[in-house]
Amino acid sequence: MKLKLFVLFTGLLIFALTFLAGIHVLYGQSNRAKSFSHLSHETQGIQPDHKPPSYTVPPRRESVTLDDGVHIYHLNLSLYQEEFPYLQSYPCSPVLTPKTQHEASKSFIVLAIKSQPKSVTRRQVLRQTWAREWQLDGYELRTIFLMGHTDVSGHMEIVKAEGSEYGDVLQWDFSEGHYNLSLKERCFLEWIFYQLPQVTFIFKGDDDEYVNPPALVKYIRTFASNPRVLHGYLRPHSEVMRFSKYKVSKYIYPGNIYPNFLSGGGFLFSGPAAKVLYTKSQKMPVFPLDDVYFGFLALAANLSFRHDSRFHVYGLEFEVCSYQRALVVHGMSPEQLVERWSKVQNARC
């Protein structure tokens, strides 16, 4: 009965947020709303009508050849400029930014979660469960939702209201889209580099998953002493797909194998690693698959990986004690998350 009441309450809360956001749009009653830049629409994204923030340095991209000791990888900049010009040229232009204040005496962990403006229910349920502020064993954890732009004005206004209310939204003016996920990687690294250089660790994940902050902190304490190691579910030398939404043409990438990369469903890396990854992102072509792109950056930066099966990026059958040990479980509905989170928190294993 308590669980049913909690689910009902969560649904009512989401409805209330949507309604209040609409009131804010019509009457402008929120005195905490941040300015929202004018957006113009294009096929591959939004061409900003303002200059990028003055703190950024324009990228100087070039073709690269990378060698991991097993395979050699060629990324020809001119081909990527031809097929994915927007990924190469977009100046990261945030229109909503999160609060960044934190206790100086504590190490700071950012849970950077890819979301979309339309996923209001998912974000609201995450805030009710694991995507809240935590103080754990000397670490302060805070969630930031990473988003692009959508043509649905109602969704944009709700996101604006969320940013004002919770201070946990980082949004840019490029369009949401599968290939533009690589822009979320690149632009987030840039934002971290300039706006949050003191961050200790970053967890990257999605808004359709269970994350276990206490287990993450314990994992960091145990396994993450080397800042040049990235942690997650390792995909070693995956075969290139020529079909499906993950397809890449032979024209821009004639090779059949990718370098090692971590599955984008959830992975962990250090603040110092973020700095060198950003530096490489300024010089290399932007690959149109975000997790593979991150793998190319890691190879260029000479970073290594640690695989751990507790990053359940392909899901995990629910069992309370298994979820207490898990770092992340990818792929579940908001209703499943509410139910499972409640059971895990109340169980003793």
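## A close look at Leu268

A: Leu268 touches Phe201, Ile202, Phe203, Tyr219, Ile220, Leu230, His231 and Phe311, leaving out residues up to four places away in sequence. Contact here means heavy atoms within 4.5 Å. The model is predicted: local features need pLDDT of at least 70, side-chain atom pairs count only at pLDDT 80 or more, and totals for chains, interfaces and linings use all residues. Residues are numbered from 1 along each chain as its sequence is written, and side-chain values use heavy atoms, with hydrogens and water left out.

Leu268 sits in strand β11. Helices (H or I, at least four residues) and strands (E, at least two) are DSSP runs, numbered from the N terminus. The relative accessible area of Leu268 is 1%, so this residue is buried. Buried means under 20% relative accessible area, exposed over 50%, partly exposed in between (1.4 Å probe, protein chains only). One of its contacts, Phe203, lies 65 residues away along the chain, yet the C-alpha atoms of Leu268 and Phe203 are separated by 4.5 Å.

Turn to another partner, Ile220. This residue belongs to helix α7, residues 213–223. Ile220 is also buried, at a relative accessible area of 4%. Beyond neighbours within four places in sequence, Ile220 is in contact with Ile109, Tyr139, Phe201 and Leu268. Phe201 is 19 residues from Ile220 along the chain, and their C-alpha atoms are separated by 8.6 Å. Phe201 touches Leu268 as well.

Strand β13 spans residues 311–312. An open sheet of three strands runs in the order β9-β14-β13, with mixed pairing (two strands pair if DSSP finds at least two bridges between them). The edge strands, pairing on one side only, are β9 (209–211) and β13. β9 and β14 (residues 328–330) run antiparallel and are joined by three bridges. Glu209 has His330 of β14 as its bridge partner.

β11, the strand of Leu268, also faces open space. With four residues, β11 gives the most to the lining of the largest pocket. A pocket is an open set of points on a 1 Å grid over the protein atoms alone where a 1.4 Å probe fits, with protein on both sides within 12 Å along at least five of seven lines; lining residues have an atom within 4 Å of a point. The lining has 31 residues, and His178, Lys245, Tyr246, Asp290 and Asp291 lie nearest the pocket centre. α6 (181–195), β11 (261–270) and α9 (290–300) each supply at least two lining residues.

Follow α9 next. Nine of its 11 residues are buried, among them Asp290, Asp291 and Phe296. Just past this helix, Asn302 takes a positive phi of about 60 degrees.

Phe296 also counts among the residues with the most contacts inside the largest nonpolar core, which has 55 residues. Such a core is a set of buried Ala, Val, Leu, Ile, Met, Phe, Trp, Tyr and Cys residues joined through side-chain atoms within 4.5 Å. Phe269 and Phe287 are also on that list.

Now the whole protein. There are 11 helices and 14 strands. Of the 349 residues, 50% are buried. Among contacts with a separation of 6 or more, 77% join residues 24 or more positions apart.
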